[in-house]
Each structure stands twice: as structure tokens, then as C-alpha cells.
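Here's a quick tour for anyone meeting this structure for the first time. Have a look at the sequence and the model, then read on.

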Amino acid sequence: MTVYDTEGFPNSFRVRNALGEKGATEPVEVVPVDVIGGEHRKEAFKSKKPDAVVPCLELADRTINS
């Protein structure tokens with residue numbers, strides 16, 4: 001499981017907190033997204049999440065949830 005987030009943002013905190021409460025922190029890869037620099041608007045990220053919303057959760061089968 002991969003979480004694309006921006007540290008310090010409220011929704012990113014909520015995702016990390018929920019994963020921690022569920023005990024799902026070990027197999028999680030956290031990928032920082034530079035929202036201030038516009039990284040979430042680049043094609044590499046928009047190919048995963050067309051609406052460019054952060055945080056974004058990508059499961060092992062490459063399914064995207066947010």
C-alpha cells in the first residue's frame with residue numbers, strides 16, 4: 001500500500017492517524033507530494049489521481065482510493 005500525502009496537511013494527518021489506529025503502518029510506503037511546488041498537478045501524479053487530490057491511497061493491486 002502506498003500513501004501519497006503532504007506532511008502537515010490536515011487530511012494527510014487523518015489518513016496516517018487512521019492507518020495507525022488500524023495497525024496498518026508496516027506495509028505502508030509514504031510518498032511525499034510537494035503541493036506547494038505543484039507536483040500534484042503534474043502528469044505523473046494526475047495519471048494516478050486525475051482530480052489531483054492529496055492524500056491518495058494506492059493499494060497493492062494499483063487501485064486508487066482517496
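Predicted model: local features only at pLDDT ≥ 70, side-chain atom pairs only at ≥ 80, totals over all residues.

How many bridges join β1 to strand β2, and do the two run parallel or antiparallel? Four bridges join β1 to β2 (residues 29–32), and the two strands run parallel.

Residues are numbered from 1 along each chain as its sequence is written, and side-chain values use heavy atoms, leaving out hydrogens and water. Helices (H or I, at least four residues) and strands (E, at least two) are DSSP runs, numbered from the N terminus. Strands pair if DSSP finds at least two bridges between them.

**Around β1**

β1 also has a partner in strand β3 (residues 56–58): three bridges join them, and they run antiparallel. Val-3, for one, has Leu-57 in β3 as its bridge partner. In a regular strand the side chains alternate between the two faces of the sheet. Both faces of β1 (residues 2–5) are covered, with Thr-2 and Tyr-4 buried on one side and Val-3 and Asp-5 buried on the other. Buried means under 20% relative accessible area, exposed over 50% and partly exposed in between (1.4 Å probe, protein chains only).

**Glu-58**

Over in β3 sits Glu-58, which counts as buried because its relative accessible area is 3%. Its contacts (heavy atoms within 4.5 Å) include Met-1, Lys-48 and Thr-63, not counting residues up to four places away in sequence. The Glu-58 side chain also makes a polar contact with the side chain of Tyr-4, at 2.9 Å. A polar contact is a pair of N or O atoms within 3.5 Å; within protein, one must be able to donate a hydrogen and the other to accept it, and residues adjacent in sequence count only if both atoms are side-chain atoms.

| Residue | Phi | Relative accessibility |
|---|---|---|
| Ala-52 | near 60° | 7%, buried |
| Arg-62 | near 75° | 59%, exposed |

Ala-52 is in the loop between α2 and β3, while Arg-62 is in the loop between β3 and β4 (64–65). Pro-55 also lies in the loop between α2 (43–46) and β3, and a cis peptide bond with omega about 5° joins Val-54 to Pro-55.
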